[in-house]
Amino acid sequence: MNVSFKTGFLLMGFSDERNLQILHAVLFLITYLLAIMGNLLIIIIITLDQRLHSPMYYFLKHLSLLDLCFISVTVPQSIANSLTDNGFISLGQCMLQVFFFIALASSEVAILTVMSYDRYVAICQPLQYETIMDPHACKCAVIAVWMAGGLSGLLHTGVNFSIPLCGKRIIHQFFCDIPQMLKLACSYEFINEIAVAAFTTFTAFVCLIAIVFSYTQIFSTVMRIPSADSRTKVFSTCLPHLFVVVFFLSAAGFEFLRPPSDSLSAMDLIFSIFYTVIPPTLNPLIYSLRNEAMKAALKKVLSKEEFSRRMVYVKAIFNL
């Protein structure tokens with residue numbers, strides 16, 4: 001493939017074999033469509049059902065929006081590269097991909113931390129819940145989440161793309177991955193990116209400590225609840241969130257904290273899928289399967305009566 005890399009990079013992807021490229025594109029396309037439909041469905045259900053207009057579901061809606069955007073940063077580009085057998089990505093596209101990837105990943109960690117605090121207040125301080133988690137506080141928390149992610153994205157993008165590169169601009173990943181890009185940097189030229197990455201890692205660690213503290217207090221309180229039904233209801237809302245946190249942070253932590261290697265193994269690619277593709281796809285399933293309110297709202301939205309009522313409402317709007 002005769003491509004000039006002076007204005008871009010070559011993403012190696014998963015394989016050079018055409019059949020495997022097509023298989024990868026099909027699997028990624030199916031996964032992407034499932035993630036889009038699942039997260040859109042959660043956003044629509046929470047928006048339409050008045051019973052779900054509470055802080056917990058407000059934050060869940062923003063998590064679904066983040067997941068929808070997060071998987072759209074890397075997967076469509078990878079599908080297109082596999083189908084066209086062309087892994088070239090321009091410098092501008094790579095910069096945008098790095099910015100949105102870091103910004104959305106950072107925002108996801110932040111929103112998961114906020115969601116754990118929301119559950120902590122709801123279970124451990126129920127009498128103060130409406131005062132602490134009032135609509136204004138929830139909006140401010142979400143704005144802070146998006147702004148923190150944007151700041152993190154700007155820092156990483158600005159520092160990473162100011163580093164002089166030595167050697168071929170070949171990235172052994174299916175997206176512009178910062179650890180892989182640092183391998184292209186000239187010796188000792190990426191100390192600023194390491195400093196930014198260390199700050200981001202420290203911030204993520206603080207979020208993890210806050211989440212662990214919240215759930216330690218939650219489980220301690222839950223175990224003192226005499227009613228088995230009440231304990232089951234609490235676990236049904238908390239355990240899915242805890243699973244998402246552990247899965248996302250452990251996969252991302254393994255990828256970014258492990259020592260760099262000169263070659264990319266199949267295990268590296270699998271772990272990159274674990275934190276880029278799997279969480280946005282599984283989150284809608286995880287949050288809806290064990291949540292009775294979500295299942296009831298889904299049945300209501302999909303019912304014939306509700307659909308007919310919405311259609312009458314839409315027709316009335318267009319007839320105005």
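Let me start in strand 2, where Ser-90 is the bridge partner of Gly-8. Strands here are DSSP runs of E, at least two residues, and helices are runs of H or I, at least four, numbered from the N terminus. A word on the source: this is a predicted model, where local features need pLDDT of at least 70, side-chain atom pairs count only at pLDDT 80 or more, and totals for chains, interfaces and linings use all residues. Residues are numbered from 1 along each chain as its sequence is written, and side-chain values use heavy atoms, with hydrogens and water left out.

Back to the sheet. Strand 1, residues 8-11, pairs with strand 2 in the antiparallel sense over three bridges. Two strands pair if DSSP finds at least two bridges between them. Phe-9 stands opposite Ile-89 in strand 2. On to strand 3. Strand 1 and strand 3 run parallel, joined by two bridges. There, Leu-11 has Ile-171 as its bridge partner in strand 3.

So what is the strand order of the open sheet? It is 2-1-3, three strands with mixed pairing. Strand 2 (88-90) and strand 3 (170-171) stand at the edges with a single partner strand each, so one side of each has no neighbour in the sheet.

Phi of Asp-85 is near 55 degrees, a positive value in a residue other than glycine. Asp-85 is partly exposed, at 40% relative accessible area; buried means under 20%, exposed over 50%, partly exposed in between, with a 1.4 Å probe and protein chains only.

Now helix 3. Helix 3 lies across strand 1 and strand 2, at about 80 degrees to strand 2. Contact means heavy atoms within 4.5 Å. Axes are lines fitted to C-alpha atoms, for helices over the stretch in contact, and angles run from 0 to 180 degrees between N-to-C directions.

Helix 3 (residues 91-124) also packs with helix 5 (residues 135-160), at about 145 degrees, axes 7 Å apart. The contact includes Phe-99 and Ile-102 of helix 3, and Trp-146 and Gly-149 of helix 5.

Last, the record. The unreviewed UniProt entry lists residues 58-75 and 95-115 among its "transmembrane region" spans; such annotations may be inferred rather than shown by experiment. In the model, residues 95-115 are 100% helix and 0% strand, with end C-alpha atoms 30 Å apart. Residues 58-75 are also 100% helix and 0% strand, with end C-alpha atoms 26 Å apart.
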